[in-house]
Amino acid sequence: MATINSKISEEIRALAGKLLEEKKIAAFLGYCQGSLPMTARPFVARTPEDTDKLIWNSFCVLNLANYLPELLKSLEPPRGPRDPAPEGPLPKVAILATGCWSRNIVIQIQENQVDRDRVVICGVGSRGMVAQAKVKELFDGREILEVIEEDHKLLVSGNGFNEEINRWNVVRDNCLTCIHPDPVIFDIRIGDEAGQRKNDNRFAEVEKIDNKSTAERSRWFTDEFASCIRCYACRNACPLCYCPTCFVDDAKPQWVGKSIDQVDTSIFHILRAYHCAGRCTDCGSCESVCPMGINMRILTKKLTSDVLNLYGSEAGMALDAPLPLTTYRQDDPQNFIITEQAADKEGE
Amino acid sequence: MTDKTWEPKIIAFLCTWCSYAGADLAGVSRFQYPPNIRIVKVPCSGRISPNLILNALRTGADGVLVSGCHPGDCHYISGNYFARRRFALFENLLEFIGIEPDRVNFSWVSASEGEQFAEIVKDVTARVKELGPATHLVKKFNEAA
Amino acid sequence: MPKGSVLVVGGGIAGVQAALDLADSGFLVHLVEKTTAIGGRMSQLDKTFPTNDCSACILSPKLVECGRHLNINLLTLSDLVSLEGEPGNFKAVVHQRPRYVDPTKCIACGLCAEKCPKKVDNEYNLGIGKRKAAYLSFPQAVPLKYAIDPDNCIWLKKPGRCGACAKVCPAGAINFDDKAVDHELEVGSVVLALGFSPYDPSELDFTGYGRLANVITTMEFERYLSPSGPCMGHMERPSDGKEPKRVAWLQCVGSRDINRSCHPYCSSVCCMFAIKQAVIAKEHAHGEFAPSIFFMDMRTHGKGFEEYYNRARENGVSFHRARVHSILPADDEGNLRLRYVNEQGGIEFAEFDMVILSTGLEVDKNTIKLAERLNLELDEDNFIKTDVFNPVATSRPGVFVCGAVAEPKDIPQSVMEASAAALEAGSILAPARWSATAVKEYPLERDIHAEPPRIGVFVCHCGINIASVVDVKAVTEYARTLPDVVFSQDNLFTCSQDTIDQMVNTIKEQNLNRVVVSSCSPRTHEPLFQETLRDAGLNKYVFEMANIRDQDSWVHKNEPEAATVKAMDLTRMAVARVRGEEALPYHTVKVDKSAVVIGGGIGGMTAALSLAEQNFPVTLVEKSAQLGGNANNLFRTWQDDKVQPYLAETIAKVNNHPRIDVQLSCEITEAGGSVGKFTTTLSNGQNLQHGVAVVAVGGKAYSPEGDWQFLYGQNDKVHTLLEIDRMLIDESEDFKATGQAVFIHCVGSRIPERPWCSRVCCTHAIDQAVKLKEMNPDMDIFMLYRDIRTYGQRERLYQKARALGIIFVRYDLDHIPAVSEDSGQLIIKTHDPIVDAEITLQPDLLVLATAIEPQATGSSVAKFFKCAIDAHGFLLEAHMKLRPVDFATDGVYLAGLCHYPKPLEETIAQAKAAAARATIVLSLDEVPAESITAQVDPAKCVGCGVCVEVCAYNAVSMDEDKNISLVNADLCKGCGACVAGCRSDALTLQNIGNEQIMAAVEAAFD
């Protein structure tokens, strides 16, 4: 019986083939099967023949938008710094986009990284991606050799075991708390709408930390980030991290030291998160790729929650909505500002 | 309990037009305040990024104060409005990771608020003293060397 | 064509201001000063009220600027002898006495004074202490050149006898053969800023002045307090050098006194002068200090004065409403006993260690002679006579006057008049602007780009302002140890002319390429030092200041060690910051030679006319449907000049002036840009490009309410001053039948909600009372007042009112008059402090002297132009003492009631002053623009466009082709919002980049 994902995969292959065939695009950005179980690899199909490799499943955790600006650039004719801009339309790219990725693309368009006219957005409703780590945890060290996906369950097998688990139970935390699974912007629709997902409190994980004391939070933060090896996989996986020189690599001025120092590591994570303020769509790539299993996503989630509470906006929901740090209201909340009166009151 | 001989060092980023002028007025009016702050004059509170605040902490500041013109009074029209958004999110983020809220402070002080400036410095200094020396986000340069 | 030069006589603050304004707006100025140096009375003051600014500190930059100005020809030791000709074409003869020291050779080393054997009384210190016959009047003197006093020099009296100075002078500057010179100067107009003399109380026997050592005058005490004075700022009493603990100030010595001193006028400044001295003395005192001020009426009628008075009371200055009968020795120790009469007529005694006489201001005898020579009319008090509606014009066309020589007044008022006089003097010469001037040329700028940093540090004592708290020597020594610092030096006053000159030499000799001055605030002194760098061939942007005074010694008075450490830290931070600074190009903006004036009252119209008459186009914006503002309801000035004819004439002039575009029922909806190039949008949709703006949006009468309502609006016998004026304008017959009238003063003023004195109401009320009395001599008139504040010559009006039988009854806030009615009949009960009993009045007319409040529109207009407002809603000038018509925002000026309550003549003067300051900009083709601008590093820019969004000036745009941002340096104001907004660190602010800020921060922890 065909699963939802296999039907989507079919649709993707057919669409990509057609677009490439008709030369409407120069490349189709999707996924192919990864070499390990529970992995899907970003894949660029450039010919109709390539499209056979395209798949869609619950392990598509690497955000395709991350590759979009580079891919577009690579398709431009080579050009020196003084050469004039090429004439005529430039080659286009089609890309798969779920809710969060489409919002990343919105920001990429707003921030001039992506030319809307050169992208064919193929919207896919996300049913939530599976966290490999969660599955592995269930099998407690036993080597998983194969995972077969059905609509609502995963068939996990290895040496001497063959078990069935509920898919929803191993979906990534960011997907569990997602309320925008459907793309906010697309040119072609693939599959059915995922529909509004209900979530009573999508910031519960943030609140849990918020409710701790300062000392507890400090301990939590230190512990959580202690294992960071500064591999920058989180940064590299982020579709919104496109500074030519990242502040951690900057030598003039040197904002942080280059070694694995607790302070420098902390500052890296604080600034990385802050740079995503009002832009992060909680796609979860950073967390998914972390080799040390650090939950750095909680920092951006905190910012997402604050931006929503303070300024009433969510990242990338519309092309014409300004980014929260590029706009202001005269009556923005300012409880954090100390005043002489507050100073007096504290003193009493 | 903190060491009685310990005195905090507080970096204050003040905008030229309002808060730095307010600090001057505190001087002209001889309003006394504790000698712990080191003022860094910048054109506008909107010039201050979280990077610079983190850098001050990393370098060893026990406290940071950023002060600009009151909303609506910015010499550069809107610098303090943008700053207010940056600071609000940043302050919350620092609190979230366990930095004491009193370490990093933001205020509005106008050119005519010499007394208020002195009061705020007194208050911030007292609070930072209460916290004791900063430990998080402070780079131990000596040890590294 | 008229002459393009102006003669300014008098080198006090007023003369200096007038000279600077004229020279800056395109005229050659001959500044004539009778002594050896400019600075006048203000230079002798220690502190100034109400900000307690150090007088020398705020004055010195102006003196230095004046001394260095290319288009000011400074003539010291000079007097104006004669003036012939007519406006536009005068011939003046100026007699310059010999200095006997060649100023081109003198290096101000002081050896002549050191070796001079002849000691004489030091007149600069008012005879306290001695100077030599070879002398310098004060350390910051401009020009900083010694002089020999011919009346006392041994050689000059008997040639061959001494000559010690000539022997030791290393520069060969002593010239005993120096001769007087008569300069014949061709000038187009003349400004007289002749100042005042302090009244000499010797003739007042009751004071004991001259006989009792510990009775001194306020001017003398000022020298005692001054760090450059005879006691180096330590408070000592003359008899035994002990620090006095109990000090009394006696007000109105030589003022408001018809019987003894023949000075009926009020000297206007002495009340605040005494309060300030009491406050400052309390600061100077070690341990207990009990200041007492004996006064008749407390006259704190200026901006910020009433609050200063209130603070002084809270801080232990005691005030006695009493007239002192005599001062007698209390014992053999030098203590003094005061016998005085209290308000109830009782005689009391009090003992003091020292008594200070608040001596009034009078016209110098030489001024009277000069006025005779120049054929100028004097008024009955010998002040130079002026016209109410042109308060800086004398009786002789082309000759203008400013400052205390026209009436006793304080520094800001003098500065305002100086600018107004400059306007008038320049206005008639407008066609000759720039015809007689020279252009400043700087030496070629050294390219320091490839040089390793060589930093020089100059640490200032600021007299004792810094040095009494901070160990300046230690800071200087310490600075020398900092990396790249190749030179450090301490100076008594870094801003004095000699230090400035020396700094130029030091920069050259030491081959410095970065400079740090550790002294006061860059807000006041940075321009002066930056200019010095340019004179030394350095770019002005390789300069930093460490503020070790306003933000250190002044705020850590009791922690000298911590303050010294902090001074070292701040110096180190400045050094770290300057190390990374680079030479920047000087940007300029082309000036749109037109003005917008906001407010169509007398202030706005005067400013508009003043500019239009110099041929600058003006748009005058008035929010109501008619011109005239508050003046529409004013009957006459206190000197009996009718307002309505003047107003009608002014409105007609404005309406008919081809250069003035009047926009009625119109407001500003948007304003942007900066000095030289503003863009303003009006509510009628008009878009204006203009170089300057004058804000004169006026004030309004307080509408009585609450405790201060007094049945206003409920009983038709109750009126405000303006309503009565309206009736007088309309020639109402109503007053013929009035039997009794009562005026209540201070309605809504001088109370916690409105702590300011409204300045005009005492005079206005008394003038109205006099007018009523003149119309109906049988009318009984009672004035219920708190203090009568008929400052200056308005005091004569008060005396006239008393002579006419108008009765004055004082009230205080504990006994506010109670007004009730019984079948329409008003009943007023008030407490009379003299008889200590309640009195009841049943007037037919009650007039309320209501407060003046700022207009609400003031703050919105201020916001458009990014100008500050004070805590009460009045517009806040750039500096309360020396920049009374400027805003901190360049190119925007203020005048009239929106600044502070003031009478018509002062509004006119201020409006002309505002026009004078605006003229400086409009007379230039281009003005300096922001040089510290943002820059993009294309290699780091990702083109996200955040910078474009956060820029308030549209200075950042995207290069769409390359997808990186671009900064338009002409539009950039250097705020750094884009820099802080950039995640990629691709933007930097030149010399205020992240690297420089981080270097400063890191240096705080070394």
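Residues are numbered from 1 along each chain as its sequence is written, while chains are lettered from A and ligands numbered from 1 in the order in which they are written. In this predicted model, local features need pLDDT of at least 70 and side-chain atom pairs count only at pLDDT 80 or more, whereas totals for chains, interfaces and linings use all residues; side-chain values use heavy atoms, with hydrogens and water left out.

Chain A comprises 12 helices and 9 strands (DSSP runs numbered from the N terminus, with helices being H or I of at least four residues and strands E of at least two). Its C-alpha atoms fill a box of roughly 75 × 65 × 40 Å along the principal axes. Of the 348 residues in chain A, 53% are buried (under 20% relative accessible area, with exposed meaning over 50% and partly exposed in between; 1.4 Å probe, protein chains only).

Chain B contains 5 helices and 4 strands, arranged from the N terminus as β-α-β-α-β-α-β-α-α. Its radius of gyration is 15 Å, close to the 15 Å given by the globule rule for 145 residues, so chain B is as compact as a globular protein of that length. The C-alpha atoms of chain B occupy a box of roughly 45 × 35 × 25 Å along the principal axes, and 71% of the 145 residues count as buried.

On the surface of chain A, a nonpolar patch consists of I229(A), I260(A) and M292(A), which together have about 280 Å² of accessible area (Shrake-Rupley method, 1.4 Å probe, only the protein chains shown counting as cover for residues). Patch residues have over 30% relative accessible area and no salt bridge; like charges are joined within 9 Å and nonpolar side chains (Val, Leu, Ile, Met, Phe, Trp, Tyr) within 5 Å. A salt bridge is a side-chain nitrogen of Lys or Arg within 4 Å of a carboxyl oxygen of Asp or Glu. M292(A) lies in the loop between α10 (285–289) and α11 (297–311) of chain A and is partly exposed, at 39% relative accessible area.

In chain C, E84(C), D182(C), E184(C) and E186(C) form a negative surface patch (Asp and Glu count as negative, Lys and Arg as positive, with His and the chain ends not counted; charges are placed at NZ of Lys, CZ of Arg, CG of Asp or CD of Glu). Strand β12 (residues 181–187) contributes the most to this negative patch, with 3 residues. E84(C) belongs to strand β6 (residues 78–86) and is exposed, with a relative accessible area of 55%.

Terms used: Rg over C-alpha atoms; globule rule 2.2 N^0.38 Å.
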